[in-house]
Amino acid sequence: MIESGFLSKDLIVESMVLFVVCGNEYTAYGDKHPNDEGILDFVPSVASKIDGSLKAFQALGVKKISITKMLAYGCYRKITSKVNYISCNASENARTILHNKLITDYVTAFKELHPDIEVMMLDFQQAFELSFQGHYDTDDLLLSDNLGFQR
Ligand SMILES: *[C@@H]1O[C@H](CO)[C@@H](O)[C@H](O)[C@H]1NC(C)=O
């Protein structure tokens, strides 16, 4: 759209990219691999593609990026249905923990290389964990140190 002139460079510079990764890659992986065999070895390739996207945004002239941390996989409906939706499965959260760590490392390195680009992480993992603990009030969530836009 930029190359065709539909979106101007000026508009790109003024815009914020909302980059949402919720786990479709992992669902697709699960469809091909019974019991998610080898999923933790697959996580770095997803994180690396996300890093590649950050670099692609930079090359396009984007100056503001907001990227989501993945929410806890062990709290997905598919997983919690096994226990009547009463609790998340901590051992199923391993991919989320690894995924979020790797993309946080990539974002940290990216920000060091490109201090002119504002990158904020939206912590879906923390948001969902707080809401599962009964923190439904917006005030609770806003007061939480690690939530929302992190610079
Ligand atoms: C949690 O997940 C692990 C790994 O998939 C599984 O072996 C275990 O049975 C699950 N626990 C519950 C309570 O569903």
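**Figure 1. The disulfide: the structure holds one such link.** A disulfide here is a pair of cysteine sulfur atoms within 2.5 Å. The model is predicted, so local features need pLDDT of at least 70 and side-chain atom pairs count only at pLDDT 80 or more, while totals for chains, interfaces and linings use all residues. Residues are numbered from 1 along each chain as its sequence is written, and side-chain values use heavy atoms, with hydrogens and water left out. The disulfide is formed by Cys-75 and Cys-88, whose sulfur atoms are 2.2 Å apart. The link of Cys-75 and Cys-88 is right-handed, with 110° about the S-S bond. This pair links distant parts of the chain, 13 residues apart: Cys-75 is in the loop between β2 (64-69) and α4 (77-80), and Cys-88 is in the loop between α4 and α5. Helices (H or I, at least four residues) and strands (E, at least two) are DSSP runs, numbered from the N terminus. Cys-75 counts as buried, at 13% relative accessibility, whereas Cys-88 counts as partly exposed at 31%. Buried means under 20% relative accessible area, exposed means over 50%, and partly exposed is in between (1.4 Å probe, protein chains only). Another cysteine, Cys-22, counts as partly exposed at 34% relative accessibility.

Figure 2. The chain has 151 residues, of which 34% count as buried. Contact means heavy atoms within 4.5 Å. Among the contacts in the chain with a separation of 6 or more, 71% are between residues 24 or more positions apart. The accessible surface of the chain comes to about 9,400 Å², and 56% of that surface belongs to carbon and sulfur atoms. Accessible areas come from the Shrake-Rupley method with a 1.4 Å probe; for residues, only the protein chains shown count as cover.

**Figure 3. The largest pocket, with a volume of about 180 Å³.** A pocket is an open set of points on a 1 Å grid over the protein atoms alone, where a 1.4 Å probe fits, with protein on both sides within 12 Å along at least five of seven lines; lining residues have an atom within 4 Å of a point. Grid points are joined across faces, edges and corners, and the volume is the space filled by probe spheres set on the points. The lining has 13 residues, and Asn-35, Asp-36, Tyr-73, Glu-92 and Arg-95 lie nearest the centre of the pocket. At least two lining residues come from each of α3 (39-60), α4 and α5. By class, five lining residues are nonpolar, three are polar and five are charged. Ala, Val, Leu, Ile, Met, Phe, Trp, Tyr, Cys and Pro count as nonpolar, Asp, Glu, Lys and Arg as charged, and the others, Gly among them, as polar.

**Figure 4. Asp-36 and Asn-84, two loop residues.** Most residues other than glycine have a negative phi. Asp-36 has a positive phi, near 55°. Asn-84, which is not a glycine, has a positive phi of about 55°. Asp-36 lies in the loop between α2 (24-32) and α3, and Asn-84 lies in the loop between α4 and α5. Asp-36 is buried, with a relative accessible area of 14%, whereas Asn-84 is exposed, with 63%.

**Figure 5. His-99, a buried residue in helix α5.** The relative accessibility of His-99 is 0%. Not counting residues up to four places away in sequence, His-99 touches Val-21, Tyr-26, Val-43, Val-46, Ile-50 and Met-70.

**Figure 6. Ile-117, in the loop between α5 (94-113) and β3 (118-123).** Ile-117 is buried, with a relative accessible area of 6%. Leaving aside neighbours within four places in sequence, Ile-117 is in contact with Gln-58, Val-62, Lys-63, Lys-64, Ile-65 and Phe-110. Ile-65 is 52 residues away from Ile-117 along the chain, and their C-alpha atoms are separated by 7.7 Å.

**Figure 7. Ala-90, in the loop between α4 and α5.** Ala-90 counts as exposed, at 61% relative accessibility. From C-alpha to C-alpha, Ala-90 and Ala-72 are 8.7 Å apart in space, and they are 18 residues apart in sequence.
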